[in-house]
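Here's a quick tour for anyone meeting this structure for the very first time. We'll look at its pockets, then at its salt bridges.

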Amino acid sequence: MTRKEKERQERLREILREEKRRLWQELRSEIFRDQEKLHAEYDIPRDLGEQSMLDVLSDTGLAVAEILRERLTRMEEAERKLEEGTFGLCEDCGVEIEEERLRVVPYAVRCVRCQERSEGPSYPPEGTY
């Protein structure tokens, strides 16, 4: 591995560490802060409306926590790829994914071009067939 590759790998490692710390903090905050707030505001629901509101807020908190858990799982996969030496390489074309993209989406598996291609319309634009 060249010096340039080692430097890139270390920068990518730091990107993953920072994102993982941020996600864990956000998850802890979501779980604990909102639960304490809900219990303080609605210690004993007075009617069905308040109970329904508690249920909706609780479900929303669980959905957010699930999204964060999924991102953390992707981060762990990215860390595994980093150790293997394949992190930061597009899974479709094999080129290096730009570091700016990885700062925004650290668990990205495609370069911007391939990602756009994979999200593009599955049918040709009108008038081209």
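A pocket here is an open set of grid points where a 1.4 Å probe fits, with protein on both sides within 12 Å along at least five of seven lines. Keep in mind that this is a predicted model.

With that settled, the largest pocket has a volume of about 280 Å³. It's lined by 18 residues, and the closest to its centre are Lys81, Glu91, Tyr107, Ala108 and Val109. Helix H2 (48-84) and helix H4 (112-119) are the elements that each give two or more residues to this lining, with H2 providing the largest share, four residues. By class, the lining splits into eight nonpolar, three polar and seven charged residues.

The second largest pocket holds about 190 Å³ of space. Helix H1 (residues 3-41) gives the most to its lining, four residues. Among the residues lining this pocket are Met1, Arg8, Phe87 and Glu96.

Now for the salt bridges: the count comes to 18.

| Pair | Closest N to O | Apart in the chain |
|---|---|---|
| Arg8 and Glu99 | 3.7 Å | 91 residues |
| Glu79 and Lys20 | 3.0 Å | 59 residues |

Are Arg8 and Glu99 buried or exposed? Both are buried. Lys20 counts as buried because its relative accessible area is 19%, and the cut-off is under 20%.

Finally, shared partners join Arg8, Arg11, Glu96, Glu99 and Arg103 into one salt-bridge network.

Conventions:
Residues numbered from 1 in each chain as written. Predicted model: local features only at pLDDT ≥ 70, side-chain atom pairs only at ≥ 80, totals over all residues. Heavy atoms only, no water. 1 Å grid on protein atoms, 1.4 Å probe; cavity = no way out; pocket = protein on both sides within 12 Å on 5 of 7 lines; lining within 4 Å. Points joined across faces, edges and corners; volume = space filled by probe spheres on them. Nonpolar A, V, L, I, M, F, W, Y, C, P; charged D, E, K, R; others polar. Salt bridge = Lys/Arg side-chain N within 4 Å of Asp/Glu carboxyl O. Buried < 20%, exposed > 50% of the residue type's maximum accessible area, 1.4 Å probe, protein only.
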